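Dear colleague,

I am handing over a structure that you have not worked with before, and I would be glad if you could look through it before reading my notes. The sequence and the model are placed just here.

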Amino acid sequence: MKQLFIFLLLAGYGVSAQSLSKPEAGVIATVKKQMPETEAFLEKVVNINSGTLNKEGVRTVGKLMADELDKLGFKTEWVTLPDSLNRAGHLVATRQGKKGKKLFLIGHLDTVFEKSLPMEPFTRINDSTASGQGVNDMKGGDVLVIAALKALHTQKLLDDTSITVYFTGDEESGGGAASRADFIERARKCDIALAFETAQGLHSVTTGRRGASGWTLNVKARTGHSSRVFSEMGYGAIYEAVRILNEFRRTLGQEQYLTFNPGLIVGGSEVHYDDKTAKAETIGKTNIVAGTALVQGDLRFLTESQKENARAKMREIVDKSLPQTKATISFSDGIPSMEPTAANDDLRKQLDKLSRDMGLGPVSAFDPGARGAGDVSFVAQYMPCLDGLGASGKGAHSIEETINTKEFPALIQRTALFIYRLTR
């Protein structure tokens, strides 16, 4: 029985290998051969701080990646942004051809680790793990893209393809709508968008991501001696703010994929808030009914209709003011959602087939409620998209951020073959 099991297992690998064409087998061999160069390049870029506000660092990392893309026959350029945005800009690399689908490959050069934070250099922890700032989110993803394209170029399989590589410089702290205008314009000229945020291992991919927006609640109330609260003074601004927040939680708190987090709340006789520094000051006494309250939060959603329905219900709750109080709520758009469409799932099915052909196993859709917003969401309404195709690892946005170096070569190989199949 044991011998039969081993025979069947080996037969299964044989079938898998036969599912790949000769050019595809050549690409895999090339990725393996080039891995020492790939890992050395990853270490080099991880050891350069590129926090969003470190514009020099972001541009330095961008220049290194542009140099690599230049060698592969891409035309590279740097998209500058208005000085008022205080952002470094974006790297764009393009090549034009007539084969297959026009691809839009998305990454970002910046990390959450600003220059003021202690530097955590690239460190090999063991034979399957390395750590460093942005090592998976998302310098690992950027390097993965370049390594996949490099293997295809070596095998002369990039000829006559249409690919745009767009690495933004401010994904972790976006510069607003003006910062994504060029990004959206270029994407709309393509057929498919592939984004290389952190992968959740080999067996899942992102077909949907929640969007993120903001909201501000302002409450005004009659103020006076605290002994008259609940009577002619009414309830005060703080009680009204608490009522509204609790009704948000009670009414909307169980809806799938919808979250709304009050991240800041202040109340008292007077409130002053500085939007630029996100700092608030308040003055109040225990024997004075609070006349003012301010709450700021975010709202995350999977579809535009879910966002609009939630906003409508929140407005209804706000309008039902307690006596002697008046509240208003305003909303601000941030990053749109990437809805899990049938077209996105068709892309996943193509990746699933490729993964099985490679002997890596199935690829399912990752829970969209478990991912935050990302750059791909800005273009998701225009074309089929997949995300979560980058390097796998743990601890993103923390000093414990790591990359899975065992899975990294397989993810590069799969990306290279996916690009190959989509551009035939």
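Predicted model: local features only at pLDDT ≥ 70, side-chain atom pairs only at ≥ 80, totals over all residues.

Residues are numbered from 1 along each chain as its sequence is written, and side-chain values use heavy atoms, with hydrogens and water left out.

The protein chain is divided into domain 1, made of 22-209 + 338-423, and domain 2, which covers 212-334; these bounds come from an automatic or database domain assignment. The C-alpha centres of domain 1 and domain 2 are 39 Å apart. Ten residues from domain 1 and eight residues from domain 2 take part in the contact, where contact means heavy atoms within 4.5 Å. Between domain 1 and domain 2 about 520 Å² is buried, and carbon and sulfur atoms give 63% of it; buried area here is the accessible area (1.4 Å probe) that two parts lose on being put together, summed over both. Of the area that domain 1 buries against domain 2, 52% is supplied by Glu-339, Pro-368 and Ala-373, more than by any other three residues.

Between domain 1 and domain 2 the count of salt bridges is zero, a salt bridge being a side-chain nitrogen of Lys or Arg within 4 Å of a carboxyl oxygen of Asp or Glu. The structure as a whole holds 23 salt bridges. One of them joins Arg-186 to Glu-77, with the closest N and O atoms 3.2 Å apart; this pair links distant parts of the chain, since Arg-186 is in helix 5 (residues 181-187) and Glu-77 is in strand 1, 109 residues apart. Helices (H or I, at least four residues) and strands (E, at least two) are DSSP runs, numbered from the N terminus.

Strand 3 (residues 99-108) runs parallel to strand 7 (residues 192-195), joined by four bridges, and Ile-106 has Ala-195 in strand 7 as its bridge partner. Strand 3 also pairs with strand 6 in the parallel sense, over seven bridges, and there Lys-99 has Thr-161 as its bridge partner.

Two backbone details remain. Most residues other than glycine have a negative phi, and most peptide bonds are trans. The peptide bond from Asp-137 to Met-138, however, is cis, with omega near -5 degrees, and Met-138 lies in the loop between strand 5 (129-131) and helix 4 (139-154). Asp-160, in the loop between helix 4 and strand 6 (161-168), has a positive phi, near 65 degrees.

Definitions and conventions
Pairing = 2+ DSSP bridges.
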